[in-house]
Amino acid sequence: MSDAPVLVVGAGPAGLGAALALAQAGVPVVLTEQRDAIGGAIHRQPASPQVPKVLRPARHARSFAMLAAGLAAAGGRIDLRTSTVFLGLDGADNALIDDRRRQRVEALSPAGIILATGAVEKVHPFPGWELPGVMTAGGAQVLLKETGRAPDGPVLVAGSGPLLLAVAAQLAAAGNPPVAVLERGRPWRRPTALAAMLASPANVAEGVGYAARLLRHGVPYVTGAAVTAVRTQGDDLDVMVRHGAAERTYRVRHLLVHDGLRAGASTGITETRDGPVPVLLAGDGREILGADAAVADGRRAAAEMLALLGRGAASAGDEQTLGAARRFQAALARLCEAPPPSPPPETLVCRCEGLRVADLDHLRPDASMRELRLVGRFGMGPCQGRFCGASVAALRPDADPSLKASAVPRWPVRPVSLASLAGFGDPAARTNPRIHQDTEDR
Amino acid sequence: MHSRSSPHVVVVGAGIVGAAAAFFLEAAGARVTLVEAEAPAAGATGASDGAVSVASKRPGPMMALALEARAFYRELAARGVLEGLFHPRSTFLLARGDEEASLLERHGADLAAAGERVVARSAVDLRRLLPGLGASVTAGIEVPDDGHAIGYEITARFLARSRPALRRATPVRALKLRGDRVAGVVTAQGEIAADRVIVAAGIGSAVLIGLGDVLVPRKGQMAVTDRAQPSGPAIGGHLMAATYLAAKRGISLDKPHIGLVIDPLVTGQFLIGGSREENRSDRRTDAATIAAILREALDFYPPLAGRRVIRTFAGIRTACRDGLPIVGPHPAVDGLVVATGFEGDGICLGPLMGACAARLALGEAPATDVSVLSPRRFAVREVAQ
Amino acid sequence: MTGTFFWQGRRVPFGEGQTLAAALLAAGLRDLGGPDGRPARIFCGIGACQACAVTVEGLGVVEACLTPAVDGMRLGPAMTGDDHV
């Protein structure tokens, strides 16, 4: 039995849940986090004690406090490395990490890997979604948690899903209620889905709280309304919205968009149980179950990892929590189900490569996903398809996914400084900045 | 269009050579089915730099063929077939130190003797032409008439302009023979009858054509950076280390396993390669090899330190034991034409070799004499059937 | 640490513990694109979309949403290199 550590990637609720469970079982853990502090997107902490706290359920604060206390108590059994980005497994089975602080790429030889890198937001493209001033609702939310400050000027929140409500309420509580929340779906027409959600009273109470906050601030919650295009208008944005047969334009400073969450897109790495280094996913990066269930899913992944490594038995203790979360998320998905408007030809699909719907239309109608990437270049830029991958799949539903990508696991899963990577394994590599510095003062 | 009497040709492999062959076969009136194990350009074609380069070729038949192949690119671009896909650019062969400089001097003389324009460049010249060039570069030669083409783009263009029947995800298991003559191919999804067959399946050709171990895989790892600028090549030419040339010329200098090329892409990105790993056919990349390549790249061109690597990948070159490609009618099977073994030169040679293979498959003499590449130079082993 | 960094020469104040992204947004600097008009802006906030990549002198290209601000840092659009920071 080796005492090699298990690498846990991501110090959000799932990663912390996994790391604590592994440490409790006596297994050493290396826990990496891309940010300079733990918490993940859900528990993003204020940048300083002076920053006002963001509106959120008390149970989230309690859950995070327990995780943070657990981490402190675990002491040396959990080697926490912040500002460190996981780059993937290379052909020599090295787990590569990019230590941004020291500007070094290092290899770990872990006994196993648990990826708890969270979900990526879905954003259905429309003309102008790439403009400055358009952000994801989740992105705006983490910045709000960090700074305590809402974006300035009129804000419109649009798309689909419960996060729209949460973000809108948090903006209102921070002093800048949005001009409206536009929900593409029509949740009031889904009574069975609404009824199914009552089985999770904590979540329902949270939602009701957000709704009450919006009501108090007079923020309209418009259902069946979808953004069709955005244009810049000086420092502002003109947001074109279709609501039934009606069209209307909102002039705002910021548009926050969100069409739900996607699992599996954060690293693109899939689970492997039989390779030399088993890889498991945990939390919303595996399946969208929400923050409460993410801790339980981290524990579940830890238990499975222990079983795979022959260091313990898999426990089923968290299955009930996960099952309830799964039923709640399924009801939520049904509640807001609504197809997005199909984007016109000029719509940017792949921002990194500057590719539009029209470019997709020019590719062979029988092209496989592999060719849409390789020849069409969709998803070949720095974001590696995290956002456009789903859009391309939706626009080309018949593309053969079996030829999705190379069968070979790819790294880096995130862009990495060429200088840092060049220093890998080089005894002569310096650890200080290697970028050319102009001595002239500007 | 096709008459009933037009022959049906199966082309195995939808890389650049197979796609070119399909295009020229259709142009000559044949019916074509292109059978591909994965997807078009999924093999070495889609995992290579885009050098349409005479500068890098060994003197002798390869240099002569590359001259013709590059001229053929220019011709196809002018004819519209490859319009917009061939970009003229210089190749810079770069030396670090006297030993490498004398190798380049010799190579420059060989190129000039073959009729290629060559300009000797001092370190001062090079720094003017290539701002940012590393201090360790002491001399070089510029080959101004080379060009750049992206393998997957060329492949896609040939397929768009010919529209052969394309069978993706259809690995060919064996050839179907009738006596001494090829009658089709056997795939996992059944047999496909054919009057003629062209095998252009890279390393996958080896098992089909029965030439035993004359073909060896030679893996090459590469890295791609983010954009240094929004579009257009970020430096004024393709940079190639003298050590790359040395590896190609079979001369052993101190780092034979890495032949550095820095390929400035039209997207503003850089493609940086590559390793030469004998008998490796897996397509995984490892940090140690990539880092060694990048250290070489930084030594030649330090401004790369400000870039990010967004992707690494490996291509499998199909190398032939005697260093020459295999193009020609199969010595033991009638109606079977082989076109493989291009090692790292498939993008440069691909369109011309595809055209030659098409003519040979139709029983005609190709416009370029490729007899030196004939598979008849090897003894035939068992043909898979 | 509280301090000031420079976006293409313009002073941008930041508060203790802030990321580059938070400080840029607070200063009203939403468009992180270069002179070429290629869209770049803070979008996902979690390092995934790469749309907020900026060039920081001494660090190279980094995600503004992941990178803590440091006093005196000089930054500019991702594609233009150190000459424009």
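**View 1. The interface between chain B and chain A.** In this predicted model, 37 residues of chain B are in contact with 40 residues of chain A. Together the two chains bury about 3,300 Å² between them, and 58% of this area lies on carbon and sulfur atoms. Of the area that chain B buries against chain A, 19% is supplied by B:R168, B:R284 and B:R311, which is more than any other three residues supply.

**View 2. A salt bridge between B:R168 and A:D366**. The side chains of B:R168 and A:D366 meet here, with 3.3 Å from N to O, and the count between chain B and chain A is six salt bridges. The count of residue pairs in polar contact between chain B and chain A, with both residues at pLDDT 80 or more, is 17.

**View 3. The side of chain B that touches chain A.** At least two residues of this side come from each of α5 (151-162), α8 (287-300) and β19 (308-320) of chain B, and α8(B) gives the most, with seven residues. When the residues of this side of chain B are divided by kind, 21 are nonpolar, six are polar and 10 are charged.

**View 4. Strand β21 of chain A beside β19(B)**.

Technical notes: Residues numbered from 1 in each chain as written. Chains lettered and ligands numbered in written order. Predicted model: local features only at pLDDT ≥ 70, side-chain atom pairs only at ≥ 80, totals over all residues. Heavy atoms only, no water. Contact = heavy atoms within 4.5 Å. Buried area = accessible area lost by both parts, 1.4 Å probe. Salt bridge = Lys/Arg side-chain N within 4 Å of Asp/Glu carboxyl O. Polar contact = N/O pair within 3.5 Å; in protein donor to acceptor, adjacent residues only side chain to side chain. Helix = DSSP H or I, 4+ residues; strand = E, 2+ residues; numbered from the N terminus. Nonpolar A, V, L, I, M, F, W, Y, C, P; charged D, E, K, R; others polar. Pairing = 2+ DSSP bridges.
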